[in-house]
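Student: I'm new to this one. Could you take a close look at a single sheet for me, and then glance at a pocket?

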Amino acid sequence: MSAFWITLFLLLLAACTLFLAAGWRQRQASTGDRDRLNQRFYHQRIDELAQDEDQGVVAERPLMERELQQTLLADIPPAQTMKSHSSGRWILLPGLIVLIGVSLVTYLKTGGLAQLTGWKQVQQAYPELRARLMDPGAKPLSMEELARLQLGLRTALQTEPDNLADWTMLGRLGMVLNNADTASQAFEHALQLAPNDLALKQDYAEVLTRSPDPQDNRQASLLLQALLKADPQNLRTLSLLAFNAYGQQQYGQAIDAWQTLLGLLPAGDSRHAMIARSIEKARSAAGQQSRQLALTVTLAPKAEKMLPQDGVLYISVSDGASPVPVAVKRMPLSHFPLSLTLDDSNAMMPDRLLSAQHQVEVRVRISRDGSANPRPGDWLGLSAVTPWDGHQPIAVEINQQLP
């Protein structure tokens, strides 16, 4: 830091020196130009007096020459010249002050002094932040503190470029902070130091899989396939491969990887349900939906007599525990009994699919004015909460009117 400020001071001193030297030379040059002009005027007037005397215009030439000499001496007296030079030095002082002020203000605005100060603060806090990260009992770091730790770690790696553990930590910090470029570059450096490290290759493949660049996704796919060939039963590799294939719309490959993963997980593992939902989601996206809800809707005699002419039928399916539907269908009234099917294409949210449910409750409502919100006078039918394996049909009778 001291070297930086010394350099800055020397540059400012050099600028001031150049400014003073240029101003001094300009002052001397202007004075010399005036003296040469006066001398040229004097000699010109002497020549004119000589011509006038030859023509008989003037008779007292020596007297006029003495007057001309006195005028020239009076224009630049020695004492006044020295005083002028002395006062000229102080004229440059305001300009020097302006130069220094503008230089300092410009540096404060554009020189990154705030960033430099922040970087020094990060360097001072880095050991404490790292110690907290490595201590399981310490208070977890906030996202801002993790970002400062990342900056301190990058600075430390400038002096220790062969530190494998720090490169690995930097890559994982980049993943946590969603900084794909930092994570990718860090894992590339780490793999140069440890090219056969399986965990590093998986971390690098995960970063490439998350990338929005299709070329990165394809590179991750090649890397994961090579890892799976070396270890066909590695759970993390299978999971990453399935996720990568699904993101590239290679649904068949994603389903195969997830099914292999299901076969390797121990019974009772909590990941079974999540993987099963992922498989159903991939099948739905690939047009291979195997779980559909077959629904039959009938009308009670009272409801049949009071059907509105322009009514709309709303069908919603929930899991019986949450009131938020997992599937919804809207259709105009038609003849009853009505038979139809619902599948994942009717899902309300992509992460809550009908095919992933193990019990369902079906609600059917006839809206008189087409409103999605229940209104007094609407007719309603509600099924019981029924265990569902994706195949058995469900029947609902519309038999009650909202008050």
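Tutor: Start with the open sheet, where three strands run in the order β4-β1-β8 with mixed pairing. Strands here are DSSP runs of E with at least two residues, numbered from the N terminus, and two of them pair if DSSP finds at least two bridges between them. Since β4 (338–342) and β8 (394–398) are at the edges with a single partner strand each, one side of each has no neighbour in the sheet. From one strand to the next, the twist averages 25° (angles run from 0 to 180 degrees between N-to-C directions, along axes fitted to C-alpha atoms). Strand β1 (residues 293–299) pairs with β8 in the parallel sense, over five bridges. Thr296 sits opposite Ala395 in β8.

Keep in mind that this is a predicted model: local features need pLDDT of at least 70, side-chain atom pairs need 80 or more, and totals for chains, interfaces and linings use all residues. Residues are numbered from 1 along each chain as its sequence is written, and side-chain values use heavy atoms, leaving out hydrogens and water.

Now the pocket. The second largest pocket holds about 280 Å³ of space (the space filled by probe spheres set on grid points, which are joined across faces, edges and corners). A pocket is an open set of points, on a 1 Å grid over the protein atoms alone, where a 1.4 Å probe fits, with protein on both sides within 12 Å along at least five of seven lines; lining residues have an atom within 4 Å of a point. β2 gives the most to this lining, with five residues.

Technical notes
Helix = DSSP H or I, 4+ residues; strand = E, 2+ residues; numbered from the N terminus.
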